[in-house]
Amino acid sequence: GSEMCIRDRYNNKKIRKFENKNVKKKSKAVRGVLFFLCVVAICLGLYAIFNLSYFNVTEILVIGNNHYTQDEVVESSKITVGENMFGQALFKGSKGVLDLPYVESAKIKLGIPNKIKIVIKERESTYYAYDKEKNIYYRLTSEGIILEEAKSRNEGEIILNGVAFDSDVKFGEKISEIYLAKLRIYEEIKKEYEKSNISLPITKVSFENSLTSITLNDKLTVIFPELNNLKYNIAFLGGIIKNIGEDSVGVIDLNKENPTFSNF
C-alpha cells in the first residue's frame with residue numbers, strides 16, 4: 001500500500017510538472033502574440049500619424065516675435081502648410097529659427113489636428129557698439145552677441161567704444177573673448193554702481209587706451225582702475241559728484257593715486 005502511495009505521488013508530480021510546462025508555453029506564446037499585435041498597432045498608428053492628410057498643417061502661428069515678421073520666422077523654420085505636422089515638428093522647426101540673430105529660444109507647439117505654433121523669445125539690444133575700423137555701429141546684447149548693423153541708436157542703448165570687430169562679422173555670434181572679458185568687468189562696475197545712491201544713468205562705456213570708463217548722462221566721464229576696491233571707488237565717486245554737482249561736464253579719473261576732476 002505504501003509503495004503504491006509513493007508511486008502515485010511521484011506520478012502526480014510528473015503530471016503537474018508537465019501541466020505547468022504546457023501552461024508556461026501557452027502563456028509565453030500568448031505574450032508573444034500580444035507583443036506582435038502591439039508592435040503592429042504602433043506601426044499602424046505611426047503610419048497614420050505621419051501620412052493621414054488629417055494631420056497636414058493648415059495654419060502656422062508665430063508668438064513672441066517683435067523684431068521679425070511672421071513670414072520671416074516661418075520661412076526660417078522651413079515649416080509649410082499642407083505637409084504633415086508631426087514630421088515637420090520633428091525634422092524642421094526650431095533649429096532654423098535659432099539661426100536668426102535676435103532669437104534667443106524657439107519652441108514648436110502642436111495644435112492637434114493641424115495647427116503649429118512657433119513660440120520664440122527674442123534677445124534685446126543693450127549696446128550701440130562702434131567699429132572704428134569700418135566706421136559703423138552694431139547692436140549687441142548684454143552677453144556680447146552681435147545682432148545687426150545699426151544706423152541709429154535706440155532709446156536705452158549704451159554707446160560702446162573700444163571694441164575691435166572681426167573683418168567678417170557674423171550676426172548671432174559673440175565678440176572675441178578679449179572684449180567679452182572687458183564687458184564682464186563693466187558688468188561688475190554696473191552692478192556696484194546700481195547699488196549706490198547715484199541717480200545719473202550710464203549712457204556710454206569705453207575700453208579705449210586699455211582703460212574702462214563710463215559716461216554718466218552723456219556729460220560726466222569716469223575712468224576706473226582695476227576692480228580692486230570697486231565698492232570703495234563707487235562710494236568715493238558718489239562723494240565727488242555730490243561736491244561738483246550732477247550737471248557738471250568733465251572727467252573724473254579714479255585711476256590716479258589722488259582722483260581728479262577735470263572740467264571742459
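## Starting at isoleucine 175

Let's begin with one residue and look at its neighbours. Leaving aside residues up to four places away in sequence, isoleucine 175 touches Leu140, Gly144, Ile146, Val163, Phe165, Leu180 and Leu183. Touching, or contact, means heavy atoms within 4.5 Å.

A quick word on what you're looking at: this is a predicted model, where local features need pLDDT of at least 70, side-chain atom pairs count only at pLDDT 80 or more, and totals for chains, interfaces and linings use all residues. Residues are numbered from 1 along each chain as its sequence is written, and side-chain values use heavy atoms, with hydrogens and water left out.

## The nonpolar cores

Ile175 is among the residues with the most contacts inside the largest nonpolar core, along with Leu140, Leu160, Phe165, Leu216, Phe224 and Leu237. That core has 35 residues. A nonpolar core is a set of buried Ala, Val, Leu, Ile, Met, Phe, Trp, Tyr and Cys residues joined through side-chain atoms within 4.5 Å. Buried means under 20% relative accessible area, exposed means over 50%, and partly exposed is in between (1.4 Å probe, protein chains only).

Which elements give two or more residues to this core? They are β4 (127-131), β5 (136-140), β7 (158-161), α5 (177-195), β8 (202-206), β9 (212-216), β10 (220-224) and α6 (230-244). Helices (H or I, at least four residues) and strands (E, at least two) are DSSP runs, numbered from the N terminus. Helix α5 provides the largest share, six residues. There is also a second, separate core of 20 residues, which includes Tyr68, Val97, Ile116 and Ile145.

## A serine in strand β9

Serine 213 lies in strand β9. Is serine 213 buried or exposed? It counts as buried because its relative accessibility is 11%. Again not counting residues up to four places away in sequence, serine 213 touches Lys204, Val205, Ser206, Thr221, Val222 and Ile223.

## Salt bridges

Side chains of opposite charge can pair when their charged atoms come close. How many salt bridges does the structure hold? The count is eight, where a salt bridge is a side-chain nitrogen of Lys or Arg within 4 Å of a carboxyl oxygen of Asp or Glu.

Arg139, Glu148 and Glu157 are linked in a network of these pairs. Arginine 139 bonds with glutamate 148 in a salt bridge whose closest N and O atoms are 3.2 Å apart. Arginine 139 also meets glutamate 157 in a salt bridge (2.8 Å, N to O). Arginine 139 is in strand β5 while glutamate 157 is in the loop between β6 (146-150) and β7, so this pair ties together parts that are 18 residues apart in sequence. Arginine 139 counts as buried, at 7% relative accessibility, and so does glutamate 157, at 3%. Glutamate 148 counts as partly exposed, at 21%.

Another salt bridge joins the side chains of glutamate 177 and arginine 184 (2.3 Å, N to O). Here glutamate 177 is partly exposed at 49% relative accessibility, and arginine 184 is partly exposed at 46%.
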